[in-house]
Amino acid sequence: MDKVQNNRAWFLVLPVLVLVAFSAVIPLMTVVNYSLQDTFGNNVFFWEGLGWFEDVLTSSRVHAAFGRQLAFSAIILAIQIPLGIAIALCMPKRGVWASVCLVLMALPLLIPWNVVGTIWQILGRTDIGLLGYALEGLGITWNYARNPVHAWITVVVMDVWHWTSLVALLAYAGLQSIPQAYYQAAKIDQASRWKVFRYIELPKMQGVLLIAILLRFMDSFMIYTEPFVVTGGGPGSSTSFLSIDLVKTALGQFDLGPAAAFSIMYFLVILLVSWVFYTVMTNLDKAEGR
Amino acid sequence: MAQITLDNLAHSYLRDPKADDDFALKQLDHVWKDGEAYALLGASGCGKSTLLNIISGLLVPSRGRVLFDDRDVTRQDTVQRNIAQVFQFPVVYDTMTVGDNLAFPLRNRGMDPAFIATQVQKIARMIGMEDVLHRKARGLTADAKQKISLGRGMVREDVNAILFDEPLTVIDPHMKWELRTQLKALHNEFGHTMIYVTHDQTEALTFADKVVVMHDGRVVQLGTPEELFETPEHTFVGYFIGSPGMNLIEAEVSGSTARCAGHEVPLGGAYKTLQGRVQIGIRPEFVTLAEGGDGLPVTIRRVEDVGRHQILRAEFAGTPVTAILPESMPVPAGADRLRFDPDRINVYVDDWRVTPLHPVADLRKEAV
């Protein structure tokens, strides 16, 4: 069969190119533009070179925010992944209750982020919030607006409440795909419950768990709305994670240059982590398919 | 090791079974003798796997009891029953090495490490995987994985029975034959009771001393391969065993003669008057071709040469009839009759075989 060669076909790609240009390329280049120059308004720019990047890289404030961000992501992963697996293991495998559980689990995922923030902001208050009031009744003076530890606990618990379902649902899907014969064979081999988990369920869930970790890492690394609503990044800057700090720099102080340089590096970090995950996952698939 | 008795057993996957059709396994009494190798043969969906899972304890029957020797084990699980089972599709623990996989059932039972090591070596030799004992099981081919599953099923020596649920489905044909031979050797050595589920008659007939044929949730016949071939108790057995299966022709039987669409066929025995749907069954091996004279007039459709012999496909009064002819025999152009060996004809009423009152030979003696 003869292949028809017609280079005018490239014009068909044009709409997509225009769309992508407006949605991604042009905004990104604007940021690059800001990151290399300084401005005092009126569209007057001064060349700054890599100065802003040096500033950001050596800024102790950015270092602290980065440290807080890593700590936050590590903590919520360390809680949500095991907890999600545990919940998935406890969920009924079939029947009406399986559907009920699935719907209940999916509910937190459907709530808009700022609403989640508002819920927990109110919940943690000692005057009108159920949680804060109850804690005060137990003799703990709960104050997430003043006490950094309380602020952290509130933000972490909120994220766990909001997102553990996602991990649980993914793990549940992984568990459901394990053929019954594996469990029967394990029974016949007299494997303990722990060994069934260690040698059957965990290896079979490996793929979905990696996806869960990737999703949760990315999301938590970019978290903004919920802690902003609850603590506004405070007390002090104790819950100012990377994106909260970025917004403070860009819109609070109007330091557009450093903020742009910061954004680009933030973006590169996320890109790098995603690439690492992608590589790990494809290698895993290859090992599986051998 | 134990004799396994199924007492009044029946199983339904429905919660409240009523009609006969609701049962995946219809009422059944059966004894699996200690130390014998059985094949459980039947088409897909006839209840073989259900029966197997009931014996191994993965499934609790709706009705009836399972006895090991005299011990009622109906409500006991597989561990208490001490049974090994190999499944249709390979089940291996991916993250373990091949050796750890084989050792797994023994380690879980807290056996002595020295014993485990020798046992694993022995089984590895049997399944031909000595070289890969230290390799991870992940990424092995399907038949290598299934060999590991087989090995794990046989690694314990003290089991009451070993059950195989179509274990060779995913294995290469030449490897199938080899593994089957090894299974037989193992059976001879240790004398475990073995039950081997399959839908492949060759596999069943070569593996087992006794074959149990199931059809539609029922055991229709238990017998040696010879018995299944010569006197199928049910038309299903006749049709399922043998290649091609038994010929079945509608007939009216009186005394020692059958009448098929107006043609007389002599039988090997005399029968009392039969009620219901009567058929005569004859294996293609015992049908001979003739030119004129006695026999049923047939139209020959085609002759297939399958190497060792030829299969003649013909039609008698709308019913297909097959005959097996010697390899070199030319089929004469005028051939139009098929004759049946009277002693090899079985008579069926509503699909079940009826035994003759007495063989014709006795009648002849009486006449003399």
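User: What does UniProt list for residues 66–277 of chain A?

Analyst: An unreviewed UniProt entry lists residues 66–277 of chain A as "domain: ABC transmembrane type-1". Keep in mind that the model is predicted. In the model, that stretch is 78% helix and 0% strand. Its end C-alpha atoms are 20 Å apart.

User: Which residues of chain A does UniProt list as "transmembrane region"?

Analyst: The unreviewed entry gives residues 12–36, 70–89, 95–116, 151–175, 196–218 and 259–280 of chain A. Take residues 12–36 of chain A: the span is 92% helix and 0% strand, with end C-alpha atoms 35 Å apart. Residues 151–175 of chain A are 100% helix and 0% strand. The end C-alpha atoms of residues 151–175 of chain A also lie 35 Å apart.

User: How do you know that the span of helix α3 of chain A agrees with its number of residues?

Analyst: Helix α3 of chain A covers residues 60–90, which is 31 residues. At 1.5 Å a residue, it should span 45 Å. The end C-alpha atoms are 45 Å apart, so the two values agree.

User: Which residues of α3(A) are buried?

Analyst: A residue is buried if 20 or more other C-beta atoms lie within 10 Å of its own. In α3(A), the buried residues include A:Val62, A:Ala65, A:Arg68, A:Phe72, A:Ile76 and A:Ile85. A:Gln69, A:Ser73 and A:Gly84 are buried too.

User: What makes up the side of chain A that touches chain B?

Analyst: Start with the contacts. 14 residues of chain A are in contact with 22 residues of chain B. On the chain A side, α8 (180–188) and α9 (193–221) each give two or more residues. The largest share, six residues, comes from α8(A). By class, this side of chain A has nine nonpolar, two polar and three charged residues.

User: How many helices and strands does chain B have?

Analyst: Chain B has ten helices and 23 strands. Its C-alpha trace spans about 75 × 50 × 40 Å along the principal axes. Of the 368 residues in chain B, 40% are buried.

User: Why is strand β3 of chain B called largely enclosed?

Analyst: Count its buried residues. Strand β3 (residues 37–41) of chain B has five residues, and five of the five are buried, so the strand is largely enclosed by the rest of the structure. In a regular strand the side chains alternate between the two faces of the sheet. In β3(B), B:Ala37, B:Ala39 and B:Leu41 point one way, while B:Tyr38 and B:Leu40 point the other way.

User: Which strands does β3(B) pair with?

Analyst: Two strands pair if there are at least two bridges between them. Five bridges join β3(B) to β8(B), residues 193–198, and the two run parallel. B:Tyr38 has B:Ile195 as its bridge partner in β8(B). Four bridges join β3(B) to β9(B), again parallel. There, B:Ala39 is partnered by B:Val211.

User: What makes β17 and β19 of chain B edge strands?

Analyst: They belong to an open sheet of three strands, in the order β17-β18-β19 (chain B), with antiparallel pairing. Each of β17 (299–305) and β19 pairs on one side only, and that makes them the edge strands. Neighbouring strands of this sheet are turned by 20° against each other on average, direction ignored. β17(B) and β18(B) share six bridges. Across that pairing, B:Glu304 stands opposite B:Ile311 in β18(B).

User: Why is B:Asp216 called partly exposed?

Analyst: Partly exposed falls between the cut-offs: 12 or fewer neighbours is exposed, 20 or more is buried. B:Asp216 has 16 C-beta neighbours inside 10 Å, so it counts as partly exposed. B:Asp216 sits in the loop between β9 (210–215) and β10 (218–223) of chain B. B:Ala317 has 15 such neighbours, so the label partly exposed applies there as well. B:Ala317 lies in the loop between β18 (309–316) and β19 (319–326) of chain B.

User: What is phi in B:Asp216 and in B:Ala317?

Analyst: Most residues other than glycine have a negative phi, and most peptide bonds are trans. B:Asp216 has a positive phi of about 55°. For B:Ala317, phi is near 45°, again positive in a residue other than glycine.

User: Which peptide bond is cis, and where is B:Pro244?

Analyst: The bond from B:Ser243 to B:Pro244 is cis, with omega near -5°. B:Pro244 is in the loop between α9 (235–240) and β11 (247–250) of chain B.

Note on methods:
Residues are numbered from 1 along each chain as its sequence is written. Chains are lettered from A and ligands numbered from 1 in the order in which they are written. This is a predicted model: local features need pLDDT of at least 70, side-chain atom pairs count only at pLDDT 80 or more; totals for chains, interfaces and linings use all residues. The expected span of a helix is 1.5 Å times one less than its number of residues. UniProt positions are given in the numbering used here, feature names are shortened, and annotations may be inferred rather than shown by experiment. Axes are lines fitted to C-alpha atoms, for helices over the stretch in contact, and angles run from 0 to 180 degrees between N-to-C directions. Two residues are in contact if their C-beta atoms, placed from the backbone, lie within 7 Å. Ala, Val, Leu, Ile, Met, Phe, Trp, Tyr, Cys and Pro count as nonpolar, Asp, Glu, Lys and Arg as charged, and the others, Gly among them, as polar.
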